[in-house]
Every structure is written in structure tokens, then in C-alpha cells.
Amino acid sequence: METKPDQSNTCGLDAVEFNFFCQIWYGGRVSPHVWRGEVGQEGRTRKQSKQRRKKKNMATNNTIPLLLTPYKMGEFNLSHRIVLAPMTRNRCYNNLPQPHAILYYTQRTTKGGLLISEAAAVSDTAQGYPEIPGIWTKEQVEAWKPIVDAVHDRGGVFFCQIWHGGRVSYAFQRNGQTPISSTDKGCTSGLDGVDWAPPRRLRNDEIPGIVNDFRLAARNAIEAGFDGVEIHGAHGYLIDQFMKDTVNDRTDEYGGSLEKRCRFALEVVEAAVEEIGGDRVGIRLSPYADYMESGDSNPDALGLYMANALNRFGILYLHVIEPRMVKLGDRYDGTPHSLLPMRKAFKGCFIAAGGYNRDDGNKAVAENYADLVAFGRLFLANPDLPMRFELNAPLNNYDRSTFYTHDPVVGYTDYPFLDGSC
């Protein structure tokens, strides 16, 4: 964790200039001594500081990081291209979003910034982990509302990631039911040395009901106040289990050929679009990843097929994990694969994610490789990440051991801002 920086020389800015940036990125979280004019030996007035800022802005207009440039995503006018990636947090007790999530999300909210929520289960059969939020009941919808309102009050754009874990599940199913999947093959890579529960292959007549769960979840997200939904089709969960040929061993209309394996995913997308409109729908994919033993023999073909197929629904964005992120927590920079074919094929906003830092995020935008870049662990550990990127400031280190605990503070809302506060 960082110690409180010396505001007299932080990132080359004096105290007033530093707090000016705090006002922008924190939505008004400025130290009281600044507004009293107590700004150190020079004792500048706000008028003098404003003049200095104007000159400084004029001098640096041409050097602003491309990640900090505005972007119009459908009807949403984003002030920058840094996206809060969806991250499992395991702090929603009894599947209910908790009041402490207000602080967590508002800490990471900037005016005109895009945030994607942690995955919210679409039904009581969708749960894969303990203490995750749901979006299938009225009570859950009501619990989300103050969190969404708080993000909107700070000017943020907030999408809800909707999710079904499929075979990636312990014993969280209703009445102890068996987890469902495209297959009855189990996934052996459970967490903490405990294997996942063996799954049951979905019957064809059950699949429309699961699609409808996603439809209702999209409706509920809009009722809760979210600006839209992101369908979680990545990382070895249910939708990915249908798309990937190392998992899907069906011989019916939902298995076999690439087109049939992608049918379920596209039916979910179609249902969400019909319910809330394509301009409110995004999807996350990871064709190159092999999370939860869900790899594919031809990820290039899978990714390109989905990018093209999604165009017919007119969805808002496509959010894709980089090919270098093959296994959970690992980064393989020697991969021959690239997201560029998917980026060129998809006609909407394209979001790239997976192991990005400030420099390669700026490069991705500069080379038109992506419109937006999503950051997970860096944004978790640095709630003021856009401002740090703006100033090229040092970053806090994240603590992996606290990622998935149930503590409402530690590893959640206690990472310090540049001004030393939490």
C-alpha cells in the first residue's frame, strides 16, 4: 500500500494543481485545506492557480494520453476510454448487493466513465461462487438501486454483467440440484483444492428456459437503473461451455459444428436485445482462453464467427479477452493470435481486456486496435486509475490474497487514492 504522497511535488504538480485533478477524478473529493487557501509556502489564490492550470493545459493538450480522450459509445458520451472491468468480489451476502458496494463502485466512478458490475447470477441455478449478487428477484433489484443511483450521481455509466456459471459450481443450486451445462463432463479444476460438482447435460427442451432467465435478468437490470447489460460469455461459464469444442460434446442442434455450438450464445443475445434493445446490450467473450478447462481447437474461427454473427443484432459493444490471457492469472506474450480480425469484423464499440497497462492501453487506442480498454486488477488497487494514468503517477500494488474474501473493507474499499485517503 502507498503512503500519503508529498502534495508539494506529487507527479510534478503543486498542491493546488494536484487537488484540481482530485476534484475532476474524485467528483469533489478535495482536501478542505485547499479551499481555505492553505496551499503551502506560496499561498496561491484559486485565481492564480486557475491561470497556472490554463497555461499548463495549453502546453500539454497535445500530449494527453489517448486513454483519456472522449469516446461516444452509442448514446453514451464517455469522457475517457478506461473501463472498470467486471470482477468477482464475493461480498454480496445471501446473493443480495450490500450497502458497502456503494463505496466500492463510487470510489471508481468518474464523470463519463464506464463501469461494468461484478457478475450477477440470472437465476438460482446460475450460482457458481459464494456470496455473489443476483438479479433474478425483486429484492435483489431493490438492493441494486441505491448502488446504481450513487454511480449515476457521480456521472458514471453503469452496465450490469449477467451470468450463469453452468458446471463451474459447488453446491449452490436450488434444493441441492446438480449444476447444468452443455455436457455431463465435469470440470476438475475447482478452487481451494475442492472439485466442482459434477454437471448434468441440459435437455433441449430446458434450453429456452435458460435463455428466458437471461431475458428477465436484462429486464431486471434496467428496472434497477443500470444503463445496460453485459452478457458474460467468457471464462468457462455456461455460454462458453456451449461455444468451446473441448467442452461441448453434444450431437444435437446445440453441438457439433461451430454454428451449432454458438447457437445458445446468440439466442441469449437475441433475447436480451428483444427485451431492452441492442443499444443497451454488450457481451464479453474469451475465445482464446482455456479457463475452467474450456478451450477451443480453433479460437480464431470461433472469435471471428461470433464477431460477424453479433452484427445482425446491432448490440452496443463487444468486450474480448486478449489471446495472451490463456490461463487464469497467467500472461503469455508469445501468442501468435490477435484480436484484430474480430475488431475489424465487429461493427460496434470494441473493448479489449487482459493484462493491459497504461502504455499498451494507449497503444491499443492509437493503433485503432480497440475503442476502449478494460482494467481489472489495476482498477481494483487504484480506485483513481484514470487520474493516475493522466498524471503518469505510481500505482498501488494489488493483494491477490484479498480478491475473493468476504470482508466488506479489506481488499475492497481500503486501497488508497493519490491523496492518501481511502
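Student: What does phenylalanine 375 touch?
Tutor: Leaving out residues up to four places away in sequence, Phe375 touches Leu67, Ile82, Val83, Leu84, Ala85, Tyr356, Asn357, Leu385 and Phe389. Contact here means heavy atoms within 4.5 Å. A word of background: this is a predicted model, where local features need pLDDT of at least 70 and side-chain atom pairs count only at pLDDT 80 or more, while totals for chains, interfaces and linings use all residues. Residues are numbered from 1 along each chain as its sequence is written, and side-chain values use heavy atoms, without hydrogens and water.
Student: Which residues have the most contacts inside the largest nonpolar core?
Tutor: Phe375 is one of them, and Met73, Ile162 and Phe264 are also among them. That core has 117 residues. A nonpolar core is a set of buried Ala, Val, Leu, Ile, Met, Phe, Trp, Tyr and Cys residues joined through side-chain atoms within 4.5 Å; buried means under 20% relative accessible area with a 1.4 Å probe, counting protein chains only.
Student: Which helix gives the most to this core?
Tutor: Helix α9 does, with nine residues. Helices are DSSP runs of H or I with at least four residues, strands are E runs of at least two, and both are numbered from the N terminus.
Student: Switching topic, how many helices and strands are there?
Tutor: The chain has 14 helices and 13 strands.
Student: And what share of the chain is buried?
Tutor: Buried residues make up 58% of the 422 residues.
Student: What share of contacts joins residues at least 24 apart?
Tutor: It is 72%, among contacts between residues at least 6 apart in sequence.

Conventions. Buried means under 20% relative accessible area, exposed over 50%, partly exposed in between (1.4 Å probe, protein chains only).
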